[in-house]
Amino acid sequence: MLFSVKPILHSPGKSLMFQFSMDLTDMDFNGRCPAQEPVMAEGAVRNTAGMLELALRVWTTLDCVCDRCAKEFRREKEVFYDCVLAEEKQDESNEDIVLLEDGEFVDLEDLARTVFILEMDTKTLCSEDCKGLCSRCGADLNLGPCSCRKEADPRLAVLAKLLENSDQE
């Protein structure tokens, strides 16, 4: 979605608002497509003393699977991004500058998609204190302890035998 900033390009103090939605249902992230609802984007471009500042907010509800217990859950995802729009970059290392296409356009959908994808969590948890699954029987430890007997550390096997021998005496 090409968005023209020409109306405010030479008008300090002016701003342009925008709002749109994106379909990211086919976005594959770690083998899943979590964005099954429309991804909304809104923001504004402001001319502040001849400098164009873009403020962007992108949000949706994601369908997630916990990386510890494999439980499905939904989570709100909201991303904020600010940058400066320029006709040319003076400092190539500055990532907070986005170049205008043909001196007046910014591709808002491409920018919003990129910002949203870069802010996706690499690990999702249903809760901060999720205990996960038992590595032996697969029981959900969030529901309570499993019936598995704890396996002793093989480095302490000699001590365990000593304890067994002392119990028999």
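Two exercises on a predicted model follow, each with a worked solution.

Residues are numbered from 1 along each chain as its sequence is written. In this predicted model, local features need pLDDT of at least 70, side-chain atom pairs count only at pLDDT 80 or more, and totals for chains, interfaces and linings use all residues, while side-chain values use heavy atoms, with hydrogens and water left out.

**Exercise 1.** Determine the order of helices and strands in the protein chain, and how its radius of gyration stands against the globule rule.

Solution. 
1. Helices (H or I, at least four residues) and strands (E, at least two) are DSSP runs, numbered from the N terminus.
2. The protein chain has seven strands and two helices, in the order β-β-β-β-β-β-β-α-α.

**Exercise 2.** Find the salt-bridge partners of Arg57 and place each pair in the strands.

Solution. 
1. A salt bridge is a side-chain nitrogen of Lys or Arg within 4 Å of a carboxyl oxygen of Asp or Glu; the whole structure has six.
2. Arg57 pairs with Glu42 at 2.9 Å, N to O. Arg57 is in strand β4 (residues 51-65) and Glu42 in strand β3 (residues 39-48), 15 residues apart.
3. Arg57 also forms a salt bridge with Glu78, with the closest N and O atoms 2.5 Å apart. Glu78 lies in strand β5 (residues 72-86), so this pair ties together parts 21 residues apart in sequence.
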